[in-house]
Number of protein chains: 2
Amino acid sequence: MAPDNRRQISLSEEAKDGLRSLIFEDDSGLPAQRTYAIVGTGALGGFYGARLQQAGLEVHFLLRSDYEYVHQHGLIVESIDGDFKLPHVNAYRDVGEMPRCDVVIVALKTTQNHLLPQLLPPVVKENGVVLVLQNGLGIETQVAKIVGSDRVIGGLCFLCSNKIAPGHIRHSDYKEITLADYALNYAPCGVTDRLQQLATDFEQAGIPIERSGDLFLSRWQKLVWNIPFNGLSVVLNAATDEMMKDEHIRALAEHLMQEVRIGFAACVGEGDRTLSPAFIEKMLDYTAKMKPYRTSMKIDYDEHRPLEVEAIFGNPLRMAQQAGVELPRTQMLYQQLKFLDLQNR
Amino acid sequence: MAPDNRRQISLSEEAKDGLRSLIFEDDSGLPAQRTYAIVGTGALGGFYGARLQQAGLEVHFLLRSDYEYVHQHGLIVESIDGDFKLPHVNAYRDVGEMPRCDVVIVALKTTQNHLLPQLLPPVVKENGVVLVLQNGLGIETQVAKIVGSDRVIGGLCFLCSNKIAPGHIRHSDYKEITLADYALNYAPCGVTDRLQQLATDFEQAGIPIERSGDLFLSRWQKLVWNIPFNGLSVVLNAATDEMMKDEHIRALAEHLMQEVRIGFAACVGEGDRTLSPAFIEKMLDYTAKMKPYRTSMKIDYDEHRPLEVEAIFGNPLRMAQQAGVELPRTQMLYQQLKFLDLQNR
């Protein structure tokens with residue numbers, strides 16, 4: 001009996017492969033119609049998930065504390081783009097109940113990433129991908145250890161939104177995402193077909209997408225802003241405009257940005273992947289001109305939630321250190337934030 | 001008439017010189033009986049001045065907001081050494097009304113030092129000295145520009161006291177002073193006779209005195225503690241025990257102490273004047289063992305008073321920079337404090 005069973009399973013796998021080659025656009029691609037799972041239906045996951053569903057895509061939402069409410073009443077999005085309601089959404093409180101999806105969006109705070117080894121395997125299709133819409137550096141590597149390094153895509157969100165009540169999201173500014181495919185050790189992999197597929201889905205939902213061929217560079221570029229402004233906003237209890245108006249903090253922000261540049265350069269070594277001084281100038285100008293902004297880390301701090309110190313500060317610091325450089329100011333900010341985070345719980 | 005007048009003055013000056021050689025112990029010394037002026041009768045100046053008067057010395061107090069009260073009721077000192085009252089003190093609100101004194105103690109906060117060019121010249125005797133009982137570095141050089149570099153002595157106080165009401169001081173811990181004579185550009189000048197004279201007066205008042213022959217070294221030694229703990233206590237809203245218990249802040253404090261050591265080494269160059277790693281270890285141990293302590297800068301911050309950022313951070317930073325070294329963490333703390341100080345007014 002046993003040998004026959006094994007043969008049957010083997011045939012079934014072959015059949016699946018055959019089917020796959022028919023419905024997939026290419027070997028590395030996703031099906032023509034993608035289904036989505038949102039792991040973490042908060043201010044960010046709830047917003048993007050609702051927009052995808054509103055655009056006609058099949059979306060499945062994992063919730064925790066808001067499950068009962070959303071299961072009964074759906075989601076409400078108040079938005080600068082126009083308010084909308086989704087009275088019925090596919091809500092789950094357990095990944096075991098969810099269907100496997102083509103694209104699993106990780107939209108938790110990184111402080112909950114210890115849960116990913118339990119959350120991801122049951123919900124991602126065999127040839128599906130995990131899209132990491134989180135802050136910081138090194139998260140894709142952690143996810144790759146769970147699902148394989150050929151099944152991870154990174155996303156960098158520029159979004160201002162808050163959850164103001166169960167299932168009720170207020171979107172106040174920005175929404176664009178930079179998408180970049182992941183390969184082992186953050187090797188640059190260009191703009192892949194599956195990246196284009198994801199971009200198409202988001203664009204269909206009205207989300208502007210920048211396609212990046214170098215996830216590592218994109219992540220460090222975002223750190224150029226996040227390290228000074230997320231960190232200092234907590235330590236100094238200040239919004240971006242107050243910091244930029246002060247000559248000392250503007251200078252410190254620039255010092256920190258230069259350290260991020262040095263950290264990236266040490267990690268990638270000689271070559272044409274650079275974070276230019278002009279990029280730092282651009283980020284400073286952009287921050288000086290943007291409207292007063294309370295950073296996401298400051299919001300977390302004010303709400304007494306755990307801060308994403310390891311993802312945004314700890315991981316880049318350790319990578320730079322392994323590459324042989326010290327970043328004293330970044331390290332000092334890390335140390336200050338670790339202390340404040342602990343005192344704040 | 002004019003020539004006669006000049007001759008009379010000339011004779012009078014010669015007479016004074018003759019008299020001086022009789023009553024002075026040596027050329028550089030002070031009279032056998034020293035009179036004291038306290039410029040700034042707050043928690044520190046009030047405490048030491050009251051103790052000197054209690055010990056039988058002639059003391060004159062300059063006051064501002066507390067003048068009326070102290071003029072009528074004198075000073076009250078609540079102290080771990082025993083409470084005492086001085087119902088009558090020599091109180092002034094204008095240096096023009098004060099007698100010139102042999103020893104003028106500067107006990108203002110350094111944030112008021114812009115007043116010294118007006119305050120000091122009228123109250124210091126021709127051969128008198130100015131004793132600077134202030135925090136930080138470089139103040140003696142500023143005072144030397146007003147009264148001459150041969151008439152300045154530095155004092156480093158280890159004192160916990162607060163002014164709790166007009167003319168009412170509460171002394172809660174410590175009281176010792178390190179005294180060190182000043183010479184041009186902080187050249188070490190050993191333990192001078194006049195330093196011994198001052199030490200004797202303070203010891204007569206029950207204040208333990210350490211005699212230092214190297215003011216510059218003593219000032220930097222104090223910075224080893226003041227830079228990390230005064231600075232971080234404000235930025236992190238924390239007392240010493242909370243900081244020392246936290247592995248990250250303990251490490252940061254040590255990093256900052258190492259920078260102070262590097263700064264001092266750069267300023268003095270090669271030679272036998274060193275701030276040893278063992279001294280840093282000693283300061284860390286001492287801080288871990290001392291009872292929980294709110295630093296003086298934290299008290300100033302909590303009371304919305306200006307912080308002594310320039311004396312404790314700005315001056316050492318600039319000296320180190322001129323000597324060719326950058327102290328990135330100390331500079332970052334300086335920048336953070338400048339911002340917080342301004343926001344706090």
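Student: Is the crossing of α12(A) and α13(A) left-handed or right-handed?
Tutor: This is a predicted model. In it, helix α12 (residues 309–322) of chain A packs against helix α13 (residues 328–344) of chain A at an angle of about 145°, with the axes 10 Å apart. The crossing of α12(A) and α13(A) is left-handed.

Student: Which residues of α13(A) are met by α12(A), and how do the residues of the contact divide?
Tutor: From α12(A) come Val309(A), Glu310(A), Phe313(A), Gly314(A), Leu317(A) and Arg318(A). They meet Thr330(A), Gln331(A), Leu333(A), Tyr334(A), Leu337(A), Lys338(A) and Asp341(A) in α13(A). The residues of this contact divide into six nonpolar, three polar and four charged.

Student: Why does Arg329(A) count as buried, and what is it in contact with in chain B?
Tutor: Arg329(A) is found in helix α13 of chain A. Its relative accessibility is 10%, and buried means under 20%, so Arg329(A) counts as buried. Leaving aside neighbours within four places in sequence, its contacts include Leu252(A), His255(A), Leu256(A) and Glu259(A). In chain B, Arg329(A) is in contact with Pro328(B), Gln331(B) and Met332(B).

Student: What is the strand order of the open sheet in chain A, and which are its edge strands?
Tutor: The sheet has eight strands with mixed pairing, in the order β5-β2-β1-β6-β7-β8-β11-β12. Neighbouring strands are turned by 25° against each other on average, direction ignored. Two strands pair on one side only, which makes them the edges: β5 (90–92) and β12 (209–212) of chain A.

Student: How far does α6(B) reach, which of its residues are buried, and what follows it?
Tutor: Helix α6 (residues 193–204) of chain B has twelve residues and reaches 17 Å from first C-alpha to last, close to the expected 16 Å. Its buried residues are Arg194(B), Leu195(B), Gln197(B), Leu198(B), Ala199(B), Asp201(B) and Phe202(B). With a positive phi, near 80°, the residue that follows α6(B) is Gly206(B).

Methods: Residues numbered from 1 in each chain as written. Chains lettered and ligands numbered in written order. Predicted model: local features only at pLDDT ≥ 70, side-chain atom pairs only at ≥ 80, totals over all residues. Heavy atoms only, no water. Helix = DSSP H or I, 4+ residues; strand = E, 2+ residues; numbered from the N terminus. Expected span 1.5 Å × (residues − 1). Buried < 20%, exposed > 50% of the residue type's maximum accessible area, 1.4 Å probe, protein only. Axes fitted to C-alpha atoms, helices over the stretch in contact; angles between N-to-C directions. Left-handed = near helix turned anticlockwise from the far one by under 90°. Contact = heavy atoms within 4.5 Å. Nonpolar A, V, L, I, M, F, W, Y, C, P; charged D, E, K, R; others polar. Pairing = 2+ DSSP bridges.
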